Amino acid sequence: MCLNWGCIPSKALISTAHLYEKAASASEIGIVVDQIRLEPNQLQDWKEKDRQEAHRRRAHPLEGVHVDIVEGAGKVVAADAVEVTKKDGSKERLQATKGVVVATGSETIEIPGFPFDGKSIIGAKEAVSLRQIPKRLVVIGGGVIGSSSAWSIRNSAAP
Ligand SMILES: Cc1cc2nc3c(=O)[nH]c(=O)nc-3n(C[C@H](O)[C@H](O)[C@H](O)COP(=O)(O)OP(=O)(O)OC[C@H]3O[C@@H](n4cnc5c(N)ncnc54)[C@H](O)[C@@H]3O)c2cc1C
């Protein structure tokens, strides 16, 4: 999540918002930027390129430390065994000697009465991928993620 929808994309958007604000107020120090405006599509394309580049540069943190990496969807099938369904549909059963660590992250929850529709009711994942900046928005959930998503959108929308 961090690389795809969380820390990296949100910070990329926030940094551009800071740059926008600086440019917009630079006339105070004698730098006049005429006709400043935001192109959300271009911003998203750049953010996507930045994310892919971060992916490319990132060495897998577990490589070279005697860890086998098996990619796919894992299902705990016994207290000491996981079955992995791989991209090609094949399955592999992994046997643990001690136990299984489940580290599957989290998903945005739907608040009763506010089902996600991909348009007017969205989660944080979609919020950092908007190609149209909403004029007004309500954030449900004022934690770090809600605040940082709102902050990136609010600043992108700065006049
Ligand atoms: C907008 C936003 C901004 C954020 N900004 C920051 C920040 O600035 N700094 C910060 O520290 N944190 C930030 N976070 C939080 C951070 O992204 C998460 O805390 C972190 O990614 C959690 O890591 P994780 O390994 O627990 O889960 P995840 O990163 O979600 O990883 C879990 C992995 O498990 C995989 N998975 C799920 N189910 C299965 C299955 N059955 N089989 C196999 N694999 C499975 C998922 O595909 C995923 O790859 C932000 C999050 C958001 C949404």
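I began with M1, where a polar backbone atom is 3.1 Å from an oxygen atom of the ligand. I count a polar contact as a pair of N or O atoms within 3.5 Å; within protein, one must be able to donate a hydrogen and the other to accept it, and residues adjacent in sequence count only if both atoms are side-chain atoms.

The model is predicted, so local features need pLDDT of at least 70 and side-chain atom pairs count only at pLDDT 80 or more, while totals for chains, interfaces and linings use all residues. Residues are numbered from 1 along each chain as its sequence is written, and side-chain values use heavy atoms, with hydrogens and water left out.

Next I looked at K11, which places a polar side-chain atom 2.8 Å from an oxygen atom of the ligand. At G74, I found a polar backbone atom 2.6 Å from a nitrogen atom of the ligand. The protein buries 52% of the 1,000 Å² that the ligand exposes when taken alone (Shrake-Rupley method, 1.4 Å probe; for residues, only the protein chains shown count as cover).

Then I turned to the disulfide, a pair of cysteine sulfur atoms within 2.5 Å. How many disulfides does this rule give? The count is one. C2 and C7 form it, with their sulfur atoms 2.2 Å apart. The link of C2 and C7 is left-handed, at -130 degrees about the S-S bond.

I also noted accessibility (buried is under 20% relative accessible area, exposed over 50%, partly exposed in between; 1.4 Å probe, protein chains only). C2 is partly exposed at 38%, and C7 is partly exposed at 35%.
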